[in-house]
Amino acid sequence: MEQKEYTISVLTEDKPGLLNKLTIILSRRKININSLNVSTTEVEGVSRYTIVATATKPALEKVVKQIRKLVDVLGSFLYEEDQIYYQEIALYKLSLEVFQKNRLLETLIRQHGAKIIAIEENQIVIEKTGTKQETHELYETLQPFDILEFARSGRVAISKSKRRTEAFIRELETSQSNTLSIKEF
Amino acid sequence: MEALVESLEKKLKTERLTGSEAILKCLIEEEVETIFGYPGGAIMPVYDALYDYEDQLKHILTRHEQGAIHAAQGFARSSGKVGVCFATSGPGATNLITGITDAQIDSTPLVCITGQVASHLLGSDAFQETDIIGISMPVTKWNFQITRPEEIPMALAKAFYIAQSGRPGPVLIDITKDAQQQSFDFTYEACERIRSYQPYPELKEQPLKTATELINQAKKPYLIFGQGVTLSGAEKELKEFVEKTGIPAASTLLGLSAFSTNHPLYVGYAGMHGNYGPNVKTNECDVFIAIGMRFDDRVTGDINTYAKQAKVIHIELDPAEIDKNIQTDVAINGDAKQALKALLPLVKSNDHEEWVKEFHECDKIEMDKAIQKSIQPTSELMTMAEVIHKLSIKTQGKSVVITDVGQHQMMAARYYQFDQPKSHITSGGLGTMGFCLPAAIGAKIGKPNREVIAIIGDGGFQMTIQELGVIMQYQVGVKILILNNSFLGMVRQWQQLFFDRRYSFTEMDNPDFIKIAEGYRIAAQRIEKREELNYAFDQWLNTKESSLLEIVVEKEENVFPMVPSGSCVSKIRLE
Ligand SMILES: Cc1ncc(C[n+]2csc(CCOP(=O)(O)OP(=O)(O)O)c2C)c(N)n1
């Protein structure tokens, strides 16, 4: 079966050790993680993990079910590329001297929808948000101008579905039922 | 006003306790009576507190932490309660890992409490420090480290709730020494809900309907049940369901004893060394109903050729097991007992006489080709099969049978006729040698009024042989049956069949087991001759105390039938 890049989005209680528990589920199946981003959410005490991995769909569907089994996981979902909005952020560092010598650079940066976020004594930092391909294109463009340092974040994603996570977590909180579950919602 | 009363009540219930005392109080609140364990530096405050609680909490000192955890497993599986064990940090904690893994894969509810170095030493490679939380992460249902005594009541309440709810499993709580020593105001509240954990899925109507239609229309329906039936206490519902629908039922290894072996609709045990009928009929039925079983590869063989012609209905509590190995047509995600209760009024009364007869024809073939030879051998030495067959008759299938891992395990599964629920305890998913002796000790403590029989190979016996000390010290009335073939029998069988008889490191020189048992003041005898068997059984069984019987069996007996690993279940070999 065809391997593809998928996004797994996991909502969890904000507890230590969970990152490890989550990654074990992927690593014991020899699934490589392409990117991983963890951060708190708008709901206090709830974190979101966004994991990008390449594998077959059935393999990742099983992973998602295993993730749901973790006691501190509130919900876990698998998305194809067209089911989410997503972005990554990349930072590029160039020497100020090179930048000043090449007037054309400023135009290139603008053309790529990137911006300069810092100009220091002898270096400048450029920021671009976009897909991996977009940030990579800018990387290629800047490459001949000698990139001093480059860093790219993991993917952050938001699903296109109409559900409201926050409302559901509130419902979970107040419900007396132990069958109500965001995990499959 | 109400709030005021509540807070006053809470104050009244509050006691100033040390962390260690609090741990014991929590156990008492959870109605724990027995703890299995082994002390050491990092858990000494708890053991010190235990000294004052001896009248409320019985502690069994095993001879190795592996013994403690297997005993807790045996206790849990015979009694249906949570098994509890204590160990110290470092080597104490790591010695629990095999048992924790075993409990995780066989869904056994356990709460393991380990001591840990003081919190200011965490991460410093202190004496006997180990990251047991990190180590046990992939093999526990949940784990948690406590560094402050205030965390104890909530963590333990959660631990008990998680261990026994939904699909049960092992939980590990690691407690730093300072948290055990400091005092705090203790109150206890049992845990009833965790918002991120929903152990009991709600039964959905649609799959029940579709399943009913399939079952009612089936010409050749067939059912396999697993441990899920025992765990949800659905033995009665399963029997009613089978009797009403007339569907032939087979068991997995861990399902054994959930359904009487003597029932006319019981068709045997499915899997690698299971019966002939249940294996071949898997590929002939039209509707396949799996209840509380997880399609382990020892059951399915090659999944690409498994029940392909059938519509598969899977009744299973754990949603992650559904479609994991075998694609289902109807998935009923729920507790086996609830699901069967819901299905019972919907399915129509039926019988499938002709179809059931086909299973009995298979039984005849198996009898001629395999069973007869095994239970009535022509060899001079006894076979494991005949010994277990006789034992089953002697005890009328009423004992709790604990087995280790190997040929004797498969023979017990094949030839012991289980008559009562919760009577078969074995290490199924992990196949842990050394499991039997301590598990039998735990099982007897969990069910003191039942006859508990430990059936062990000479290899596995020597993996936890030191636990004989527990039997001696606490007078645990376990009957031990050693089937001695001077070989690591099961491995030898594979070497014979698949490695050209190259018996590489499977033959063993054994010690004098009788002297060892006697060293532990346990009555023991060894027999070699068939004529001695009956009398030896009587002597061995007719005591209340523990006793050991070593039977020298044929060295190169094989377990047949057999589905070679990864092969198709219909290609089961009869000889
Ligand atoms: C801890 C552990 N180590 C190794 C094995 C592999 N193994 C499976 S069966 C077996 C042989 C068991 O021999 P014995 O206990 O004498 O029982 P028999 O098969 O002869 O009945 C071995 C070594 C195992 N299951 N568990």
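These are my entries, in the order I looked things up.

**Ground rules.** I am working from a predicted model, where local features need pLDDT of at least 70, side-chain atom pairs count only at pLDDT 80 or more, and totals for chains, interfaces and linings use all residues. Residues are numbered from 1 along each chain as its sequence is written, chains are lettered from A and ligands numbered from 1 in the order in which they are written, and side-chain values use heavy atoms, with hydrogens and water left out.

**Ligand site.** I looked up what sits around the ligand, taking a residue as near if one of its heavy atoms lies within 4 Å. There are 18 residues around it, and B:Q407, B:H408, B:G431, B:G460 and B:G489 come nearest. I sorted the shell into eight nonpolar, nine polar and one charged; here Ala, Val, Leu, Ile, Met, Phe, Trp, Tyr, Cys and Pro are nonpolar, Asp, Glu, Lys and Arg charged, and the others, Gly among them, polar.

Next, polar contacts (N or O atoms paired within 3.5 Å). The side chain of B:H408 has an N or O atom 2.8 Å from a ligand oxygen. For B:N485, a polar side-chain atom is 3.0 Å from a ligand oxygen. B:M433 uses a polar backbone atom, 3.3 Å from a ligand nitrogen. Alone, the ligand exposes 590 Å², and the protein buries 76% of that (Shrake-Rupley areas, 1.4 Å probe).

**Chain A.** I counted six helices and nine strands, as DSSP runs (helices H or I, at least four residues; strands E, at least two). Of the 185 residues in chain A, 44% are buried, meaning under 20% relative accessible area with a 1.4 Å probe and protein chains only. The C-alpha box of chain A is roughly 65 × 40 × 30 Å along the principal axes.

**Aromatic pairs.** Ring centres must lie within 6.5 Å; planes under 30 degrees apart are stacked, over 60 edge-to-face, the rest tilted. I get 22 pairs over all chains. B:Y161 and B:Y197 have ring centres 5.7 Å apart and planes at 90°, so this pair is edge-to-face. B:Y161 is in helix α8 and B:Y197 in the loop between β8 and α10 of chain B, 36 residues apart. B:Y161 is buried at 11% relative accessibility, and B:Y197 at 5%.

B:W355 and B:F359 are also edge-to-face, 5.0 Å centre to centre with 75° between planes. Both lie in helix α16 of chain B, four residues apart, and both are buried.

Key: Polar contact = N/O pair within 3.5 Å; in protein donor to acceptor, adjacent residues only side chain to side chain. Buried < 20%, exposed > 50% of the residue type's maximum accessible area, 1.4 Å probe, protein only. Phe/Tyr/Trp six-rings, centres within 6.5 Å; stacked < 30°, edge-to-face > 60°.
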